[in-house]
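Subject: Structure for you to look at, with notes

Dear colleague,

I am handing over the structure we talked about, and below it you will find my notes on what turned up when I went through it. Please read them with the model open beside you.

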Amino acid sequence: MVGKLLMMIWLVLVVNNNNNNNNFAWGEEKYGVIINPSKLEMFVDELPDMPRIKAFDFVDGFPVPNSLRVGMFHKKWKFHRDLPPTQVFAYGTSKEHATVPGPTIEALHGISTHIKWTNHLPSKHILPWDPTIPTATPHTRNGGIPTVVHLHGGIDEPESDGNSMSWFTSDFNERGPSWTKKTYRYHNAQHPGTLWYHDHAMGLTRVNLLAGLVGAYVIRDPHVELPLGLPYDREFDRPLVVFDRSFYTDGSIFMNLTGNNPSIHPQWQPEYFGDTIIVNGKAWPRMTVRRRKYRFRIINASNARFFKFFFDNGLGFVLVGSDSAYNEKPVKMNDLLLAPSEIADVVVDFSKSKSDSVIMSNDAAYPYPSGDPVNESNSKVMKFIIKAGHELETSRIPRKLVKYPSADLSSASVTRYISLYEYTSDTDEPTHLYINGKSYESPATETPKVGSTEIWNVINLTGDNHPLHIHLGLFVALDQTELVDGDKFKECMSKINDAVKCQVDKYARGKKVGVPAHEKGWKNVYKMMPGYVTKILVRFSYIHSNDSYPFDATAEPGYVYHCHILDHEDNAMMRPLKFTY
């Protein structure tokens, strides 16, 4: 009781005294009963196929650019048959058609798309958020909920990248300091593959995504993809957007009201985990499939949960793409580890199943890799019910897919050291996380040249596996080397924050971990193992051609790179990335 009273006193002081925080639009505070997920029967809801929006048009039989208007709406969504409707924030062309996840936007390679993202959200959030971490803040009381959309994996102009400080509120009434325009342009000039769009507002990414602001985006290139013979039409080519949630008994989304260090951060906690697994907006759904090949573009849209997917009857995956790019060759896999924000483009051949149903399951500890083991609820993902009778199909899995340039170390013009830090309180509870020991507001130290290739040595000094995401860039992971006498090296780094002066090569001489076959292609997210140095080759140019970017990558507000555990990104494991010519 005393602890709660102290927390509330601190909250009042913060709201009244910290940077005019009396203007913060706090979410409704409520103490409810969290539903036991075992009370919700699994596999009772059909897997939805989210609405599809064409990001291009046809004139006289030829594809041409299209302009879309996609809004963010406050509405109720039914996550499970037996759960009351849930208040969510949802993307859609109207409130009536808004969904969680949002509509799948289908673009065509070489045909640009213009999207006006509009904010129709209320003045107060449906979830609690914390003004003591760096946060997008309206200037007026009840000024609205800041949002901004990032196309994850997109290679586009800085003004359309969804910079965290380019946020805006309802009707663009208030705008962040980096805001530039209402309508974003996506060039779709990059290689074909799977992307996803989501909110990216400073300090609010974790709560805005938790509220529902996620959706799939696919760039297709029939000239490249149709000859491969992979499943390609809507029935057999399906995005699966997977995330975890917990709920109160009234259906509302649970998020902690109290932080792990309430005297420092009243609400922020280092990771959010829910015990109910959601796929395409339904809890533990089922999908009826035919005995043939299906393609699933699996997007881990969780705040912090890693998934290690596998089938309970031994059926396997064939991975054809990782993140936004095809692999050079298909890779057969029995299980598949996906960090938050990672994408796996897989083919599953249900004709090889010896049973008439199969459950896709999960076996990743949380936090990953050394946290709690999965339980009965979060170890199940969805169920596939397989129809009887084999059928003749025309799709196939080719021996070779798409070959992009190999990683060429000789092309690297700069070598950088990127260090990941976690800071703790006197009780050894995390207070914040930094990259290179610097806040987001500190001037950019990573200033690559447009079109360049660099080597980044990412030094993970924390106990967590951090999925590092680089905007605009694509990279190939080369190797991971364990730090020996890591505590001694960490002590030096905490004092002078200089990997070279701390003789990182002296310590990076332990066990070497090779890159798994399915992750050897070009990626935009990679899992940085704790206590290891991960070497990646980063390319700031297209991988499918020698064409220059059709935009000025040096323009403001620039780009960022960050950990994609959203609770880490918000506080404040993100750094600016500014380009030069």
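A search of the whole structure, which is a predicted model, finds 29 aromatic pairs. One of them is formed by Phe79 and Phe247, whose rings are tilted, with 5.3 Å from centre to centre and 45° between the planes. Phe79 belongs to the loop between β3 (62-77) and β4 (86-92), while Phe247 belongs to the loop between β11 (237-245) and β12 (276-279), so this pair ties together parts that are 168 residues apart in sequence. Phe79 is buried, at a relative accessible area of 1%, and Phe247 is likewise buried, at 1%.

Another pair is made by Phe489 and Tyr507, whose ring centres are 5.2 Å apart and whose planes stand at 45°, so that this pair too is tilted. Here the partners come from helices, Phe489 from α4 (residues 486-496) and Tyr507 from α5 (residues 504-507), so the parts tied together are 18 residues apart in sequence. Phe489 is buried, with a relative accessible area of 0%, and Tyr507 counts as buried with 7%.

Beyond the pairs, Phe236, Tyr294, Phe296, Phe311, Phe317, Phe350 and Phe384 form one aromatic cluster. The peptide bond from Tyr368 to Pro369 is cis, with omega near 10°, and Pro369 is placed in the loop between β21 (357-362) and β22 (380-390). A cis peptide bond also joins Asn571 and Ala572, where omega is about -20°, and Ala572 is placed in the loop between α6 (566-569) and β32 (574-577).

Phe172 has a phi near 60°, is located in the loop between β7 (149-152) and β8 (183-186), and is buried with a relative accessible area of 8%. Asn436, which is not a glycine either, has a positive phi of about 60°, is found in the loop between β24 (430-435) and β25 (453-460), and is buried with a relative accessible area of 9%.

Pro65 lies in strand β3 and, at 48% relative accessibility, counts as partly exposed. Leaving aside residues up to four places away in sequence, Pro65 touches Asp57, Ile111 and Ser112. Between the C-alpha atoms of Pro65 and Phe306, which are 241 residues apart along the chain, the separation is 37 Å.

As for the chain as a whole, the protein has 6 helices and 32 strands. Its radius of gyration is 23 Å, close to the 25 Å that the globule rule gives for 581 residues, so the chain is as compact as a globular protein of that length. The C-alpha atoms fill a box of roughly 70 × 60 × 50 Å along the principal axes, and 61% of the 581 residues count as buried. Among contacts with a separation of 6 or more, 78% are accounted for by residues 24 or more positions apart. The chain exposes about 22,000 Å², and carbon and sulfur atoms supply 51% of that area.

Finally, a word on confidence. The mean pLDDT of the chain is 94, and 95% of its residues reach 70 or more. Over residues 1-29, however, pLDDT stays under 50, and for this stretch the model has 48 contacts beyond four places in sequence. Where pLDDT is low, the predicted coordinates should not be read in detail.

How values were computed. Residues numbered from 1 in each chain as written. Predicted model: local features only at pLDDT ≥ 70, side-chain atom pairs only at ≥ 80, totals over all residues. Heavy atoms only, no water. Phe/Tyr/Trp six-rings, centres within 6.5 Å; stacked < 30°, edge-to-face > 60°. Helix = DSSP H or I, 4+ residues; strand = E, 2+ residues; numbered from the N terminus. Buried < 20%, exposed > 50% of the residue type's maximum accessible area, 1.4 Å probe, protein only. Contact = heavy atoms within 4.5 Å. Rg over C-alpha atoms; globule rule 2.2 N^0.38 Å. Areas by Shrake-Rupley, 256 points an atom, 1.4 Å probe, with all protein chains shown as cover. pLDDT = per-residue confidence, 0-100.
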